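I opened the model to look up a few local features and kept notes as I went. The entries are in the order in which I made them.

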Amino acid sequence: MKKFTVTLASSVIALTASVTASQAEKLTLYCSAQEDWCQLMARSFEDATGIDVNMTRKSSGETFAQIRAEASNPKGDVWWGGTGDPHLQAAEEGLTMEYVSPMRDQLHDWAINQAESAGNRTIGIYSGALGYGYNTDLLAANNLPEPSCWKDLLKPEYKGHVQMANPNSSGTAYTTLASMVQIFGEDEGFEFMKGLHKNINQYTKSGSAPIKAAGRGENTIGIVFMHDAVAQAVSGFPVKVVAPCEGTGYEIGSMSIIDGARNLDEAKAFYDWALSAEAQNLALQVNAFQVPSNKGAETSASAPDMSTIKLINYDFKKYGSSDERKRLLQKWDEDVSVLPQ
């Protein structure tokens, strides 16, 4: 794999310099962003510090479940990426540890707010709006109308043409469920999910899988974070991105140090490095179009313009709580997933 050199911010250099080669043997990184971004972050941190990184990529829901299962004997050190809700839930359950980074003053307010809402047990590293994308060729071939709203996806002509992830495994899909409840109210939101279920051809494990399938021509419409749809379009696939007319939820992708981390010094070094503008700029190399949390980091011109999207006042504290997540997922399992299609 090609090596990447990263220039660290001075404050991060000062911290990582204290981790000598004999001490800095390894870091176990759990990553919930796209695979190539996870690999790039791991290898770049190795190049910058000499710390060997053992990286595992899983969706945010799967990673949260793994960290919870390993609570009595933690095997991971840092959880980087993925939607903020499960990071908040992990913080609430004491699965992650409090840490205030010296890089904090370089971050946008929304990233710091994420930390403060969790007692500094997590922090925002990027943000992105929820929406969907569709394959324009397949839409035309099937003589389907162009959707522009959430409720358009309930039309019977879209039966078998819509794909989303399972909210039990995917943070993207849980954000979708929580967003529908907030946009329409709980009763109507679950009616929406029931209507959508009739048109779903597959519930995937990964949040970005539906739009990747649309890009390959295996699916028509994928409910995803908009930046994942942009990535398909920029790669040359016939994908059009939609910001739904009713408004939409959004994520604050987050990072947390796992409570009981075996390599705590290395974990803190990675945490600080990952908040630097230089580290966040790596996203541009792998077509990751989220909005970075460091105010000095670059945002791609192709990234969705959050200022033009009708964003709801997403209640991260409520929907990032363990009780609310468990309740909504149980209701989805019992009232939606079991319905015929």
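**Ground rules**

I am working on a predicted model, in which local features need pLDDT of at least 70 and side-chain atom pairs count only at pLDDT 80 or more, while totals for chains, interfaces and linings use all residues. I number residues from 1 along each chain as its sequence is written, and side-chain values use heavy atoms, with hydrogens and water left out.

**Entry 1: helix α8**

I took helices (H or I, at least four residues) and strands (E, at least two) as DSSP runs, numbered from the N terminus. Helix α8 covers residues 186-199, which is 14 residues. I looked up its span from first C-alpha to last and found 20 Å, close to the 20 Å expected at 1.5 Å a residue. The expected span is 1.5 Å times one less than the number of residues.

Next I asked which residues of α8 are buried. I call a residue buried under 20% relative accessible area, exposed over 50% and partly exposed in between, with a 1.4 Å probe and protein chains only. The buried ones in α8 are Gly189, Phe190, Phe192, Met193, Gly195, Leu196, His197 and Asn199. An α-helix has 3.6 residues a turn, so residues three or four places apart point the same way.

The partners are the strands β5 (162-165), β6 (200-204) and β7 (221-225), and the helices α7 (171-184) and α14 (322-335).

From α7, Tyr174, Leu177 and Val181 meet Glu324, Arg325, Leu328, Leu329 and Trp332 of α14. I sorted the residues of this contact and got six nonpolar, no polar and two charged. For this sorting, Ala, Val, Leu, Ile, Met, Phe, Trp, Tyr, Cys and Pro are nonpolar, Asp, Glu, Lys and Arg are charged, and the others, Gly among them, are polar.

**Entry 2: disulfides**

How many disulfides are there? Taking a disulfide as a pair of cysteine sulfur atoms within 2.5 Å, I count two. In sequence order of the bonded cysteines, the pairing is 1-2, 3-4.

One joins cysteine 31 to cysteine 38, S to S 2.0 Å. Its S-S torsion is about -80°, so the disulfide is left-handed. Cysteine 31 is buried at 0% relative accessibility, and cysteine 38 is buried with a relative accessible area of 0%.

Cysteine 149 and cysteine 245 form a disulfide with sulfur atoms 2.0 Å apart. The torsion about this S-S bond is about 120°, so the disulfide is right-handed. The pair links distant parts of the chain, 96 residues apart: cysteine 149 is in the loop between α6 (136-141) and β5, and cysteine 245 in the loop between β8 (239-242) and β9 (250-257). Cysteine 149 is buried at 14%, whereas cysteine 245 is partly exposed at 41%.

**Entry 3: positive phi**

Most residues other than glycine have a negative phi. I noted asparagine 120, whose phi is near 65°, in the loop between α5 (109-117) and β4 (123-135). Asparagine 143 has a positive phi of about 55° and is in the loop between α6 and β5. Buried or exposed? Asparagine 120 is buried, with a relative accessible area of 16%; asparagine 143 is exposed, with 70%.

Proline 210 is in helix α9 (residues 209-215) and is buried, at 0% relative accessible area. Not counting residues up to four places away in sequence, proline 210 touches Gln163, Met164, Ala165, Thr204, Asn219, Gly222, Ile223 and Val224.

Phenylalanine 225 lies in strand β7 and is buried at 2%. Its C-alpha is 8.2 Å from that of glycine 207, 18 residues away in sequence. Beyond four places in sequence, the contacts of phenylalanine 225 include Thr83, Leu130, Thr175 and Tyr250.

How values were computed
Contact = heavy atoms within 4.5 Å.
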